[in-house]
Structures are given as structure tokens and as C-alpha cells.
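Have the sequence open next to the model as you read.

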Amino acid sequence: MANPVIAQVLRGIRIESVHRGALAVVDADGTLVHARGDVDALAFPRSSLKLMQALPLVESGAADALDFDNKQMAAACASHSSSQMHVQVVGDMLQKAGVHEGDLQCGAHWPVYSTTDVVAMAQRGEKPNRIHNNCSGKHAGFLCTCKHSGIAVDNYIDPQNPLQREVRALVGDLCGAVIGDDHCGLDGCSAPTFAVRIVGMANAHARLGTGQGLAAGRADAAKRLLAACMVEPQMVADHGRYCTMLMQAAPGRLFAKTGAEGFYAASLPEKGLGIALKCDDGATRAAEVTMAAVLAQLLGETDPAYEALVTLSRQDVRDWNKNTVGEVRAVID
């Protein structure tokens, strides 16, 4: 059966289109608190995996040895906007480890979230390079971990590299699955990525947020990375982007991370809950408003963050004259 509608697009007062998907809310014990749609379905979380992919950076001792601050640890979990701020922080990470921009293997692209940054670069006669990739912080984290641990850096994103084998194993452990070769793929930045059950991804974020069921070192690493992202939410995405705005709505209380193709994951440590959702058609707009609505309902109407999250559960649809002509809104209860 088809997944239920989780978001609607209205033009005027009429529904113009709908987005279907599945979402799961799970506690650290693995109890399914709420589900809509096929939450046992496999999906690629894409960039929603970045918190897990950054765990070895802290667990290995690399982050401490290189004296990384919160901005640098948050950048390792980020899908940033390639602003000057982000590029500077990633550059500092590389410099501390004694590696170079040319060692990054994520590919190059223009800043994708800010035309202002694109225009500024063009006016300066600059061309994008690998450090402008929105995943450059993740790749810098990989490089720094390898350099600190004596692992080869020239093939750091090869699926058979010891670091990537470690990441594959820990993602499987956190999501409650053994990740077979048929569940592996490559992300847009060429790093390995893995298909997991939506419910497993939710459980992983509940465990990461609470430390429950994790070894002491992993629980500490998760706590530090989550804290860094919540203290520096602008590093995880950027001002005006949903990951940043969701975390700013409830400062220090929630972690949220988007993934490509309509995936979203979040952790509510104070509630002991993890959330994961996937929009069937890959629509980011639907995943964003739905995650905001889920977080609002989980925190409740009396919570100080409720109104801000409810506001984020709707997006205006505008015409070219910037008139509001409709909205994208979440459809959950």
C-alpha cells in the first residue's frame, strides 16, 4: 500500500499537490512510539548520516589531539553553505592536521545555497574548488581521523579503507542491522553511504542523544558532537536553512540533520527520542515542514519552542512578484 500523505502544497485554498512518505519516532530502547507509513523500508539517509560518520573523529582522539573547537566538530557533521565562514573553518581543520585542500576527494561545486556568495566569488575572479563542496567538513573530518590514526589518506573514501569499514560497522550497529554489500552506495560527494531502515535510523538518533546502550567512548563522542552542533547550528547548515533554524528554535535541546532526496533525522535528548522520515518523491520541502511539525508535537503546546516550530511547519509559496499565493504544510497528527 502507498505511504500516507505527510505534506500538502496549496495554491490559494486548494490542494495542488501532495507528498507521501514514512516517519518513525523511536525511543532509546527501540520502542516504536509513533509511525506513519512503511517505517521498515530501506532508505539512504544520505547527509543525515554525517553525525555517525563523524564519530571516529572524536573516538580516535583526533579531535582532541588537533584541539578542535565546537565549530570544527560541527563542521564535520555539516552540509554547509560554502560561505566564507564555513570555508575558513574547514581550512583550519585541514591545516591543524597537516593536510591540504588538494587532499579532499569530495569534488568541487559553486555554493549551492547562496547566490550572494556565488556572485562575490565571481566578482573576485574565483572558481569553486573542493573546499567549497557542502560536504567538505565531513571529508576534512575523515582526513584528520586518518592522519591521526596512521591510516592511508590517499584513498580515505575507498569503501575498503579501514576508516570507511569502521563507519560502515558503526552505522549498522547503531541502526540495528548488518549492512550488506547490496545496501551500500556512493553519496554525491563520492563517500560511501548505506541504506538502512527508517525505524533503525530513528532508533540510532535516540541512542546517540541519550547514550543508552552505547559504550562509554561512543556515548561521550556522540554527546560532544551533538553539543557542538547545537552550540554552533549555523555551522551545520547556515542562517535561514532548516537544520539551523530548527536547532535555533530550541537552543541546546534538539539536533536536526537533513539528507538529500527527502530524508531527515533528528534527536530530542531530553525526551529520549529519535525521529527519522523519508519523503517518497525526494522533496526536501516536504521533509522540512514535516520534521518541524513532528518536533513541535513531541515538545507540546506549552513548550517555549512550540510556536517557532509550528511556524517552520509551513512554507510560503510565492510568485515572481513575491506575493504569497499558497503554502507547503505538514499533514501529521
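This is a predicted model: local features need pLDDT of at least 70, side-chain atom pairs count only at pLDDT 80 or more; totals for chains, interfaces and linings use all residues.

Start with Gln 72, which sits in helix α4, the run covering residues 70-75. Is Gln 72 buried or exposed? Its relative accessibility comes to 4%, and the cut-off for buried is under 20%, so Gln 72 counts as buried.

What does Gln 72 touch once you skip its neighbours within four places in sequence? The list is Asp 67, Val 89, Asp 92, Met 93 and Lys 96.

As background, most residues other than glycine have a negative phi. You'll find Asp 67 in the loop between α3 (62-65) and α4. Asp 67 counts as exposed because its relative accessibility is 59%.

Arg 46 is another non-glycine residue with a positive phi, in this case near 50 degrees. Arg 46 belongs to the loop that runs between β4 (42-43) and α1 (50-53). With a relative accessible area of 21%, Arg 46 is classed as partly exposed.

How many aromatic pairs does the structure hold? There is 1. Phe 142 and Tyr 156 make it up, with ring centres 6.3 Å apart and planes at 55 degrees, so the pair is tilted. The two residues come from distant parts of the chain, 14 residues apart: Phe 142 is in helix α7 (residues 136-149), while Tyr 156 is in the loop between α7 and α8 (162-175). Both Phe 142 and Tyr 156 are buried.

Next, the helices on either side of that loop. The axes of α7 and α8 are 10 Å apart, and the two helices pack at an angle of about 115 degrees. The crossing of α7 past α8 is right-handed. On the α7 side the contact is made by Phe 142, Thr 145 and Cys 146, and on the α8 side by Leu 163, Gln 164 and Val 167.

In soluble globular proteins, nonpolar side chains tend to be buried together. Here the largest nonpolar core has 111 residues, and the members that touch the most others are Met 52, Val 171, Met 201, Leu 246, Tyr 264 and Leu 295. Which helix gives the most to this core? That would be α13 (residues 284-299), with 10 residues.

Asp 303 is buried, at a relative accessible area of 14%. A polar atom of the Asp 303 side chain lies 2.8 Å from the backbone nitrogen of Ala 305.

Ala 305 is buried as well, with a relative accessible area of 1%. Where is Ala 305 relative to Leu 295? The two are 10 residues apart in sequence, and their C-alpha atoms are 9.3 Å apart in space. Leaving aside neighbours within four places in sequence, Ala 305 is in contact with Ala 249, Ala 250, Arg 253 and Leu 299.

Key. Residues are numbered from 1 along each chain as its sequence is written. Side-chain values use heavy atoms; hydrogens and water are left out. A nonpolar core is a set of buried Ala, Val, Leu, Ile, Met, Phe, Trp, Tyr and Cys residues joined through side-chain atoms within 4.5 Å. Buried means under 20% relative accessible area, exposed over 50%, partly exposed in between (1.4 Å probe, protein chains only). Helices (H or I, at least four residues) and strands (E, at least two) are DSSP runs, numbered from the N terminus. Contact means heavy atoms within 4.5 Å. Rings of Phe, Tyr and Trp (its six-membered ring) pair if their centres lie within 6.5 Å; planes under 30 degrees apart count as stacked, over 60 as edge-to-face and the rest as tilted. A polar contact is a pair of N or O atoms within 3.5 Å; within protein, one must be able to donate a hydrogen and the other to accept it, and residues adjacent in sequence count only if both atoms are side-chain atoms. Axes are lines fitted to C-alpha atoms, for helices over the stretch in contact, and angles run from 0 to 180 degrees between N-to-C directions. A crossing is left-handed if the near helix is turned anticlockwise from the far one by less than a right angle, and right-handed if clockwise.
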